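Hi,

Here's the structure I said I'd pass along.

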Amino acid sequence: KTPDPAFLYESHQHKEALARLEYAVEEKELALLVGDIGSGKTMLSRALIDRVGEARPVVLLINPRLTPTQLLRAVARGLGLEPARFRNDLLDQIHTRLYELYEQQREPVLMIDEAQLIPSKGTFDEIRLLTNFQLDDQNLLSVVLIGQPELERRLDREAYAPLRQRIGMRYSLGPLSLDETIDYIEHRIRVAGGARNPFSRQAMADIHAVSGGIPRLINTLATTALLDAFGDDAETIEPARIASAALEHRIAKRPGMERAHG
């Protein structure tokens, strides 16, 4: 369940989202990525960090419940600075460091995960003001906001128009289709070193029906079914084990799943 980029399954939309994020970082834009819980946002963020490599320092904030000043201090620490006490001094520190990195051709990326947890408009305003650090022809800092759909709804409010107008790239992750879910399961098995796929097609169809195509739920159901089958020395995984896994994890079936069995 950890966001290991080695397991990244590049569905059409995940590939598109990653390409857009890479472009936004290259162009030093403010980017917005949203998706439901478990849809693969954090996995994409780690893949983006891997692709950026050491060319650009990444400041990753995973708990953004911060006041404006706490945000600036977190950014300063992420840039290797000892944060000053007062806001204006913090801004001077950060600007000086960003220019130093620009001269080294190592423009940094500020990545904020779970951005829907940002507590106040004031903190969002501070993020917007960080994008003011720029030269005549380019920004000095890329900013990537990652969060659940309520983040996008929040930014759609009139009060957030100044920040919203700065967004140069936005993408919304949806669930996997049935075919993508099957490909995803087979991909995970291959990456883990599996020589064959033990899931019957109907079992995989049921995983999709129960999970709604959300990768984290697919992982949970498939792992539980694998452990259950291992305990019984079973060589294949049939629909009954998926139903049992769904019950164990209290994941409700979609209407019509039983009818799909014929």
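The strands come together as an open, five-stranded sheet with parallel pairing, in the order β2-β3-β4-β1-β5. Keep in mind that this is a predicted model. The edges belong to β2 (58-61) and β5 (167-173); each has a single partner strand, so one side of each is left without a neighbour in the sheet. On average, neighbouring strands are turned by 15° against each other, direction ignored.

For β2, the parallel pairing with β3 (residues 109-112) runs over four bridges.

In soluble globular proteins, nonpolar side chains tend to be buried together. Here the largest nonpolar core has 35 residues, and I94, L110, I112 and L145 have the most contacts inside it. At least two residues of this core come from each of β1, β2, α3 (68-78), α4 (87-103), β3, α5 (121-130), β4 and α6 (149-155).

What does I94 touch, leaving aside its neighbours within four places in sequence? The list is L72, V75, A76, L79, L81, L130 and F133. There's also another core lying apart from the largest one: it has 21 residues, including I182, I189, M204 and A246.

Cheers

Methods
Residues are numbered from 1 along each chain as its sequence is written. This is a predicted model: local features need pLDDT of at least 70, side-chain atom pairs count only at pLDDT 80 or more; totals for chains, interfaces and linings use all residues. Side-chain values use heavy atoms; hydrogens and water are left out. Two strands pair if DSSP finds at least two bridges between them. Axes are lines fitted to C-alpha atoms, for helices over the stretch in contact, and angles run from 0 to 180 degrees between N-to-C directions. A nonpolar core is a set of buried Ala, Val, Leu, Ile, Met, Phe, Trp, Tyr and Cys residues joined through side-chain atoms within 4.5 Å. Buried means under 20% relative accessible area, exposed over 50%, partly exposed in between (1.4 Å probe, protein chains only). Contact means heavy atoms within 4.5 Å.
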